[in-house]
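Hi there,

Here is the structure I promised to pass on to you. Have a look at it first, and then read on for what turned up.

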Amino acid sequence: MQLFDIGEARHFCTPLPAHRPGIGQSLKAFHGTLPRQTRLVEGTTYFDVHRVSLLNAVERWILFGVADYRRALDMFIPSNAPWAQTTLYYSSFFAANAILGMFGVWVGHRRLVDVDQGTPNNQVLRISRNPRSPNGYPGSHRMFWDFFYDGCNTISPWVPTELQSAVSPVNNDRVWQIEARNDVNYDMQSAFDGAMFFGSSFNPRKLRPLSGSLGQQLDTTEHMLKLAVYFARLLGVHSFAYEGLGPGSRAKVFRELVTKAAPGLVTQSVLQELMLH
């Protein structure tokens, strides 16, 4: 898998001069309509639609990644600790997708789009159908992380020293994040053990130190998000991803979406009927 270098990525992420309604689409739906071609060539409509759709997705991945990180912190109580870890996993997953997207790569369902030629004004993207990940991992998320860490070897020279851990596999295991998520999401004993450990070790007045797999996922997620935001600023990503979501600047809309207070609906729910007696 090939990514753009930093100069090529800056060209790819150049903001559009004006919004063109309809050009940004679902990447999955768009690629489902493409003829059996294997290349997207800069200057063609197919390339433009893919590029704008991918850059919109990059900004939305960052939005959802930061928002999930924010909401995960509200779940730092024993009974929600496993879901806090799951939410932090998706925050990291979204940020990793955004990082790849800024460097020209999209890992979709049964699709891989990467770089065939990076020369600005003559960029070409390559479409691979039903790709096999570098180490042959099964499952969409395992495949994604295999592609991600493999591709990050290319961009690591531009990653700040303090964020290098974001592009290195956790515990030297490319699929650690998804395996740890699966443990607390699908194995009730693991989820319960994690909740008990959290309850006995976490100080609700201090976020750190936080040990165990939840603490490791928190550290990983924070570095992944910081790297995604760092590259978005460095490369000048500025799409139309948040149009219609609120008045004001992109930064204002982003902040309000992330920090918006949750509605107080507990009193309108059936929660009291579910309490054991």
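How do the residues of the lining of the largest pocket divide into nonpolar, polar and charged? Keep in mind that this is a predicted model. The lining splits into 10 nonpolar, 11 polar and 4 charged residues.

Now for the pocket itself. The largest pocket has a volume of about 550 Å³. It is lined by 25 residues, and the closest to its centre are Asn97, Trp106, Val107, Gly108 and His109. Two or more lining residues come from each of these elements: α2 (27–33), α3 (45–73), α4 (81–102), β2 (106–108) and α5 (140–155).

On to the second largest pocket, which holds about 470 Å³ of space. Of its 15 lining residues, Ile62, Val229, Arg233, Ala251 and Phe254 are the closest to the centre. Here α3, α8 (212–235) and α9 (250–259) each give two or more residues to the lining, and the largest share, 6 residues, is from α9. By class, this lining has 9 nonpolar, 1 polar and 5 charged residues.

Last, take a look at a pair of helices. The axes of α5 and α6 (residues 176–186) come within 9 Å and cross at roughly 155°. Angles over 145 degrees count as roughly antiparallel, so α5 is roughly antiparallel to α6. On the α5 side, the contact is made by His141, Arg142, Trp145 and Tyr149; on the α6 side, by Gln177, Ile178, Glu179, Arg181 and Asn182. These contact residues divide into 3 nonpolar, 3 polar and 3 charged.

Enjoy exploring!

Best wishes

How values were computed
Residues numbered from 1 in each chain as written. Predicted model: local features only at pLDDT ≥ 70, side-chain atom pairs only at ≥ 80, totals over all residues. Heavy atoms only, no water. 1 Å grid on protein atoms, 1.4 Å probe; cavity = no way out; pocket = protein on both sides within 12 Å on 5 of 7 lines; lining within 4 Å. Points joined across faces, edges and corners; volume = space filled by probe spheres on them. Helix = DSSP H or I, 4+ residues; strand = E, 2+ residues; numbered from the N terminus. Nonpolar A, V, L, I, M, F, W, Y, C, P; charged D, E, K, R; others polar. Axes fitted to C-alpha atoms, helices over the stretch in contact; angles between N-to-C directions. Parallel < 35°, antiparallel > 145°, perpendicular 65-115°, else oblique. Contact = heavy atoms within 4.5 Å.
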